[in-house]
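Q: I have a model open and would like to go through it with you piece by piece. Could you start with how strand pairing is defined?

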Amino acid sequence: MTLGRYSFILILGLLISSWTFGQCVGESGLITFSSSTEAETHSVCYTSSDELLIAGVLEVGSSMDWVLVKEDPDGMPVFAKSIGFQNTDENGGNLIAEEMSDGSIVMAGYRDQGTRIALIVKVDMQGDLEWARTFPSNYNTPRDVLEAQDGGILVSGSVNLPNGTSEDAYLVKFSQTGDIVWGKRIDGGSGNDHLYGIAENDLGEIVAVGNSGGFTSSFRPYVVKCSADGTILDQVFYDCIYPGTFLDVFIDQNERIVASGYEDRPSGRASIFVSFEQDFEVIWDLGFQVGSLDIGTSIRSTGNGELTLFSIKDWNSSSNSIYIIKVDALSGTFLSAEILDGDLSFSSFFVSNCGDLESAGNMAIPDRASLGYFGINSCNQGACKDIFEVVPIILNYEAVDFSMPSFDFDGFVEISPDVNDIVLDRSTSCNINVMEFELFVDDFCEGEELTFELQDVSGTIVEVNWEITGHGQQTGSVVEFSPLPEGTYELIVTVQDVYGADSVETVYFSVHPQLEIEDILLASEFEICQGESISESLQSDLLIWEEVLDENGVAIESFEVNGAGEYELLFISECSEVVYPITVSLVGELQMELENVSCVFQDLGVEFLPNDYQFIDVDWGDGNTETINPEGSVWHEYSEVGVYDVTITGDVPCNFNETFTIQIQEPPMFESPISEVFICNGDEFTYEFGEVGAEIFDMNGQEVTTVTFNEGGTFHFIAENNCGVDNLLINVFEEEVSYTPLDYPRSICPENDGVTIGVVPLQDDGLVYQWSDGYTESERVVNDPGQYHLQIYSETGQCSESESFVINQLPKLSFTPLDIDTVFLCLEGQRTINFKNFGYPYSFQNGEVGFSYSPLNSGEIILQFNDGCYDYEYAYFASIDECACEVYIPNAFTPDEDGLNDLWKIEKVCRLYNFRVDLFNRFGQRIYTSKDPDFTWNGAMHDGDYYSENEIYQYIIQYSHKIDGVEQPKVVRGHVTLLR
């Protein structure tokens with residue numbers, strides 16, 4: 001039985017055994033300033049103009065001065081400047097030079113005056129000093145410099161606390177003129193904190209990386225993000241199990257943060273590269289350990305969704321190499337690797353961010369003993385160049401102007417601690433550890449062999465030791481222990497990998513007992529009174545058993561039933577399943593039969609069946625009570641209609657109390673019944689029966705409460721209840737008012753003799769007529785215009801209809817049949833003039849009568865009409881002209897492909913419809929046909945021959961053109977001559 005599973009995953013970083021040489025390897029050489037002076041190169045990078053910028057320190061007199069050298073793309077010096085102040089020692093530890101967008105250069109390092117004082121210097125593109133700033137403290141070390149999007153200058157580093165007990169990290173922002181905009185001291189507690197690389201995202205937020213030991217026994221890689229105004233937004237440990245440091249940070253084209261650095265494993269120092277979302281959620285991480293001391297120095301983008309990772313193997317030994325690894329920026333998938341072997345001893349290394357984000361940065365590894373320094377410069381502006389370069393140039397500082405006037409500072413600017421000291425958040429976990437395995441540990445049952453398994457995922461595990469405290473030890477990836485008694489046990493698993501690293505995990509497992517039916521605490525038999533229920537809690541049982549299921553398979557926490565019967569529960573533990581039967585018996589049962597409906601002055605009976613009671617009390621609900629022997633039957637008579645509650649109680653052997661509701665009725669009777677109903681034809685009448693005291697049924701046996709009549713007839717209804725029956729007959733008489741209105745002229749002329757208006761009855765029954773002016777006949781003659789209203793009643797007067805007659809006096813018409821005096825028509829078209837239709841047909845001079853006229857020739861059109869009262873006459877002029885569509889058909893063409901007259905086609909000035917052209921030779925054979933009005937014929941035959949013979953061919957062209965929107969068909973016949 002599988003009871004549980006524990007999984008432990010530890011991930012081993014990628015081990016690299018050998019790589020081949022890759023692309024983008026530049027020439028190498030040596031920079032020297034003088035064979036007799038001490039010199040160090042601290043950073044090497046390209047400017048935006050492909051000039052080489054070299055920063056370092058040079059022995060000048062009795063002190064060390066900063067030196068800044070710029071050479072053009074051909075290797076010729078642009079300038080070489082030394083920077084020293086008042087004979088102090090500017091030994092330039094961690095010196096970084098960064099080109100600004102305006103071509104000026106900012107250098108960040110420190111000067112040594114017994115204590116380290118941070119020094120920030122800005123020179124123009126020719127190397128001449130613009131300004132210098134310091135902010136002193138003991139052991140103050142700038143680590144990186146970056147131009148912000150708004151032109152400000154960002155500096156990261158570390159500084160000793162005033163008490164000298166530990167170091168704090170800091171971020172400082174200067175304006176372009178050297179004023180401090182803001183400064184943040186990041187206090188991680190009592191341990192040392194440092195910031196190295198800086199980057200800026202598209203939102204102007206600043207991301208800096210380094211290490212912190214404030215809440216740990218050793219350094220941990222550390223990332224901090226702040227806004228453009230210096231407000232700390234977020235900070236996080238990359239909390240590996242080993243100490244480590246982030247040295248450089250890069251923001252890729254997807255706005256993801258990528259950091260490089262190292263961690264100190266038991267097997268040596270390893271390079272680490274980690275990709276974060278902006279909220280510091282880890283996307284991917286990689287670890288590289290090729291030698292015993294590997295450093296992940298920097299990250300750059302190739303601009304095509306790839307990242308280039310730089311790692312130094314054995315950087316302080318004679319067998320060092322530089323690894324250049326390309327990975328997919330989104331997933332961290334390994335793509336390719338290059339190796340640059342060297343045979344120099346590197347004593348220290350620095351990371352410098354030079355240029356824009358796509359190409360910014362190189363790393364330079366100075367070597368005091370060799371007087372020359374190797375540098376790595378990544379792809380500049382998308383073009384890969386000078387990946388590994390030591391520039392071959394010899395400078396004689398005596399021949400070059402290194403002089404610079406002394407500079408007096410107005411004072412020192414100190415960075416005050418932030419009032420909101422930062423507390424590190426160690427909520428993240430490290431994904432680069434020494435091994436990876438899965439550990440399978442289950443719970444067990446009594447008497448069962450104990451089996452444990454460890455699955456090696458990384459393939460690096462050499463030994464697994466298992467120990468159950470007080471019960472022995474075993475070795476192996478899969479082990480078995482003898483059965484143990486019930487209880488909880490501690491299992492210690494010690495895992496060792498090929499590197500000698502140990503991982504010790506302590507887990508706990510349980511041995512569960514085999515439970516029996518005797519372990520169930522719930523009773524198996526229950527007695528209940530009538531109407532009672534059982535609810536027994538299973539909490540005590542559930543302390544032993546895992547769960548209890550009822551007969552439906554539902555998990556329950558209490559046994560609840562409301563009646564007698566046989567029940568089964570399923571008790572389930574980690575190692576057992578037991579079916580548990582329960583019997584529930586009923587005591588104090590009282591069985592009886594009681595009618596719930598009865599009639600007035602009629603005995604109501606209650607019949608008691610055999611039961612456990614000797615006497616019961618009955619309250620009939622009408623003021624009468626009695627005590628009876630509950631055997632046989634008992635009767636009671638109610639004298640009034642109503643609803644009564646009958647209560648029956650008893651007290652031996654159980655407390656019994658039950659109330660029954662009964663209804664006492666009387667025989668039904670229809671209230672205010674009707675016997676006759678008159679309805680008009682097409683109308684309906686609805687009758688509501690009201691309270692009858694019974695159910696009412698129609699002649700179809702359907703129960704009704706209301707009835708709607710819409711036709712005549714006799715209808716029978718019955719009201720019935722337990723106490724009797726009542727009948728109701730309703731006679732429905734249907735009346736109608738049927739007639740036809742007389743047609744009459746709606747208008748009359750002046751001095752008219754009269755108009756007959758009224759109706760003609762269509763039924764034999766008598767109708768009554770009532771005009772609005774008192775007239776009582778169905779028809780009448782009126783001589784005056786006006787509105788006449790007639791009301792028509794049925795013989796009983798129950799139904800009526802009405803008609804209105806409106807007589808108007810006809811005025812003389814003011815309209816004209818046509819809005820224009822002259823009509824223009826086409827000779828070829830349908831020459832029809834349509835006149836307005838006002839209901840009076842027009843008579844024309846040729847005897848035609850109607851609303852349209854078709855003139856044969858141009859000339860005057862006379863039309864006349866009468867509206868019943870007045871005579872009218874109008875005159876118009878018809879102008880008929882030729883409107884036909886002109887089509888030009890050539891009678892010859894020369895298809896000899898000379899570009900002149902090679903095609904036979906027609907020319908037209910209008911659109912043609914239903915077009916077809918057919919060509920025939922002299923034998924009457926069709927040689928060409930087309931339905932396209934825009935056809936062209938080059939002389940080709942139907943059978944595919946290109947040319948026809950020189951000959952005269954007959955054509956038939958059929959088409960239609962529209963005149964006044966009407967198609968006019970036309971057929972044209974003719975001849976065309978083909979010549980070559």
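A: Two strands count as paired if DSSP finds at least two bridges between them, and the strands themselves (E, at least two residues) are, like helices (H or I, at least four), DSSP runs numbered from the N terminus. This is a predicted model, in which local features need pLDDT of at least 70 and side-chain atom pairs count only at pLDDT 80 or more, while totals for chains, interfaces and linings use all residues. Residues are numbered from 1 along each chain as its sequence is written, and side-chain values use heavy atoms, with hydrogens and water left out.

Q: OK, how many bridges join S41 to S44, and do they run parallel or antiparallel?
A: Strand S41 (residues 547-549) and strand S44 (residues 565-572) run antiparallel and are joined by three bridges. Within this pair, Leu549 has Leu570 of S44 as its bridge partner.

Q: What is the strand order in the sheet?
A: The order is S39-S45-S44-S41-S42, an open sheet of five strands with mixed pairing. Strand S39 (525-529) and strand S42 (555-556) are at the edges, and each has a single partner strand, so one side of each lacks a neighbour in the sheet.

Q: Switching topic, what is the mean pLDDT of the chain?
A: The mean pLDDT (the predictor's confidence in each residue, from 0 to 100) is 77 for the protein chain, with 79% of its residues at 70 or more. Over residues 1-36 the pLDDT is below 50, and this stretch has 118 contacts (heavy atoms within 4.5 Å) in the model beyond near neighbours in sequence. Residues 342-434 also have pLDDT under 50, and the model gives them 297 contacts beyond four places in sequence.

Q: Where is Asp294, and is it buried or exposed?
A: Asp294 is in the loop between strand S21 (282-288) and strand S22 (295-301). Asp294 counts as buried (under 20% relative accessible area, with exposed over 50% and partly exposed in between, using a 1.4 Å probe and protein chains only) because its relative accessibility is 1%. Leaving aside residues up to four places away in sequence, Asp294 touches several residues, including Tyr262, Arg269, Phe288 and Lys313.

Q: And what about phi in Glu255 and Phe280?
A: Most residues other than glycine have a negative phi. Glu255, not a glycine, has a positive phi of about 65°, and Phe280 has a positive phi near 70°. Glu255 lies in the loop between strand S18 (244-251) and strand S19 (257-265), and is partly exposed at 22% relative accessible area. Phe280 is in the loop between strand S20 (268-276) and S21, and counts as buried at 4% relative accessibility.
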